[in-house]
Amino acid sequence: MSRFDMSELECSFIEPVLSNKVLGVARVDDRRVLNGIFYKLRTGVPWRNVPRRYGPYTTVVSIL
C-alpha cells in the first residue's frame, strides 16, 4: 500500500455508492482501480505509466 492509497476507513465510506452488479466480465477490485485513478490524477503521468499494482492501465482507463 502506497502512502496515498485509500485506507480501510476511506474505502468503507465509498463502498455503499459503488455498483455491485456483475455484467459479463468479473469485476476487478474497486479499491485498487480507484487508487490507480487517484495516482494518475495526482501525478499527471500518462495512463500507460500507471504502476502495475493498480492493475492493467486499460482497466483503470475503462472505468472513467
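Why does Arg31 count as buried? In this predicted model, the answer lies in its relative accessibility: Arg31 counts as buried because that value is 16%, and the cut-off for the term is under 20%.

Arg31 belongs to helix H2, which covers residues 30–43. This helix holds 14 residues and spans 20 Å from its first C-alpha to its last, close to the 20 Å expected at 1.5 Å a residue. Just after H2 comes Gly44, whose phi is positive, at about 80°.

From Arg31, the picture extends to Asp5, which is 26 residues away along the chain, with 8.8 Å between the two C-alpha atoms. Asp5 sits in the segment before H1. Asp5 is also buried, yet it has no salt bridge. The nearest side chain of opposite charge is that of Arg53, 4.6 Å away, whereas a salt bridge calls for a distance within 4 Å. A polar contact does link the side chain of Asp5 to the side chain of Tyr54, at 2.9 Å. Once neighbours within four places in sequence are left aside, Asp5 is in contact with Glu10, Asn35 and Tyr54.

The chain has a mean pLDDT of 84, with 91% of its residues at 70 or more. Where pLDDT is low, predicted coordinates should not be read in detail.

Definitions and conventions: Residues numbered from 1 in each chain as written. Heavy atoms only, no water. pLDDT = per-residue confidence, 0-100. Helix = DSSP H or I, 4+ residues; strand = E, 2+ residues; numbered from the N terminus. Buried < 20%, exposed > 50% of the residue type's maximum accessible area, 1.4 Å probe, protein only. Lys, Arg positive; Asp, Glu negative; His and termini not counted. Polar contact = N/O pair within 3.5 Å; in protein donor to acceptor, adjacent residues only side chain to side chain. Contact = heavy atoms within 4.5 Å. Expected span 1.5 Å × (residues − 1).
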